[in-house]
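Here are my notes on the model, point by point. Please read them with the structure open.

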Amino acid sequence: MTPNEIRAIHDLPFPELLFRAQGIHRTHWNPEEIQFCTLDSIKTGACPEDCAYCPQSARYDTGLKIEPLKDVQAVLRGAAEAKANGSTRYCMGAAWREVRDDKNFDAVLEMVHGVAGMGMEVCVTLGMLNVDQAKKLKSAGCKVYNHNIDSSKDFYETIISTRKFDERLETIDAVRQAGLEVCCGGIVGMGETIDHRIHFLQELTEMDPVPESIPINHLVPVEGTPLADLPPVPPLEFIRMIATARILFPKSRIRLSAGRTAMSDEMQALAFFAGANSLFTGEKLLTTPNPGESHDHRLMTALGMRVEGALA
Ligand code: SAM
Ligand code: DTB
Ligand code: SF4
């Protein structure tokens, strides 16, 4: 699809855009269900990369408490608790530039093995990696690898100087070659234009196969990072992104990811109507606040919706 064709969808009159997105959504998904996923930051901060949005980069003073790789048993306890709260997917993130073949990676493989053994879907996001490492994750029971392209190539290279957009694509290729599912999305609200957003979506359409899961994060502005003072994206623009993603990727999960603490319940309801069908629960994302388990269960009840895979 050309950028102009994608832009034409994105710019449809709002009722038409939402009607189309919802129609596609109900053809492929149960519109009453939302998948609850839990994030666990297994290694926090002191990252050598300079991603301008990220509180975990060592370049910015964000007051973040740096933590080395967590203990395997502590991670497994967290996963058991998340499962008890309705999460069916456990996503472990490490502030690494890349995976190294060392004892830390061996410990991550143990975590993956343990969480998979509890019957949860396991997703990890560890930075760049090669096919061999991706295969080891797969053998340990990992289902999905998260690696975002974050924005259009042009815009990406104004946001991060320590790596190239094409290196992101290489990692995603390695993940595919190993037979893992791909979770790949981006961030809106970093000062990009709507055309940058369109090119970001177009880049995803060119992946073959397209990602099974597409997180749409709203920038969480963190003091100390270069993007700390950016204004939020107008809510209706954000909803247009969700709806356009749903139309372009009928069978992919669209994840309403970072930034929900700044969104009203009404805005989140609109995002679900536009086709978002997954979110991160818990008090924290990786390092920034998140609405929390009880808020999200209340929201599901208020909307007459259900947590996907929940017993009751
Ligand atoms: N270090 C690995 C990497 O960069 O792929 C994995 C962890 S990194 C924190 C995962 C993703 O979190 C980033 O690609 C970005 O999309 C998202 N993220 C980080 N900081 C954010 C922020 N302040 N607001 C919204 N999303 C953010
Ligand atoms: C993704 O796209 N969003 C999640 C997950 N993948 C790993 C991370 C959001 C992090 C937001 C900033 C923070 O809490 O540090
Ligand atoms: Fe490091 Fe990932 Fe944050 Fe970039 S987004 S600074 S690679 S943790």
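Which elements each supply at least two residues of the lining of the largest pocket?

1. **Elements at the largest pocket.** This is a predicted model. β1 (33–43) and α3 (72–84) each supply at least two residues of the lining of the largest pocket. β1 gives the largest share, four residues.

2. **Size and centre of the largest pocket.** The space in the largest pocket is about 460 Å³. Its lining has 22 residues. Nearest the centre are T38, L39, D40, K70 and K284.

3. The lining of the largest pocket divides into six nonpolar, eight polar and eight charged residues.

4. **The second largest pocket.** Its volume is about 230 Å³. It is lined by 19 residues, and H218, L219, P232, G259 and A262 are the closest to its centre. By class, this lining has 13 nonpolar residues, five polar and one charged.

5. **The cavity.** How many cavities of 30 Å³ or more are there? The count comes to one. The largest cavity holds about 860 Å³ of space. Its lining runs to 43 residues. Y53, C54, Q56, N148 and L286 lie nearest the centre of this cavity.

6. **Strands around the cavity.** Two or more lining residues come from each of β1, β2 (89–94), β3 (121–125) and β7 (213–218). Which of the elements gives the most to the lining of the largest cavity? That is β2, with four residues. By class, the cavity lining divides into 23 nonpolar, 13 polar and seven charged residues.

7. **Geometry of α1 and α9.** Two packed helices are described by the angle between their axes and the distance between the axes. For helix α1 (residues 3–10) and helix α9 (residues 235–248), the axes come within 9 Å. They cross at roughly 125°. The crossing of α1 past α9 is right-handed.

8. **Residues at the helix contact.** Which residues of α1 meet α9? They are I6, I9 and H10. On the α9 side, the partners are R240, T244, I247 and L248. By class, this contact has four nonpolar, two polar and one charged residues.

Key
Residues numbered from 1 in each chain as written. Chains lettered and ligands numbered in written order. Predicted model: local features only at pLDDT ≥ 70, side-chain atom pairs only at ≥ 80, totals over all residues. Heavy atoms only, no water. Axes fitted to C-alpha atoms, helices over the stretch in contact; angles between N-to-C directions. Left-handed = near helix turned anticlockwise from the far one by under 90°. Contact = heavy atoms within 4.5 Å. Nonpolar A, V, L, I, M, F, W, Y, C, P; charged D, E, K, R; others polar. 1 Å grid on protein atoms, 1.4 Å probe; cavity = no way out; pocket = protein on both sides within 12 Å on 5 of 7 lines; lining within 4 Å. Points joined across faces, edges and corners; volume = space filled by probe spheres on them.
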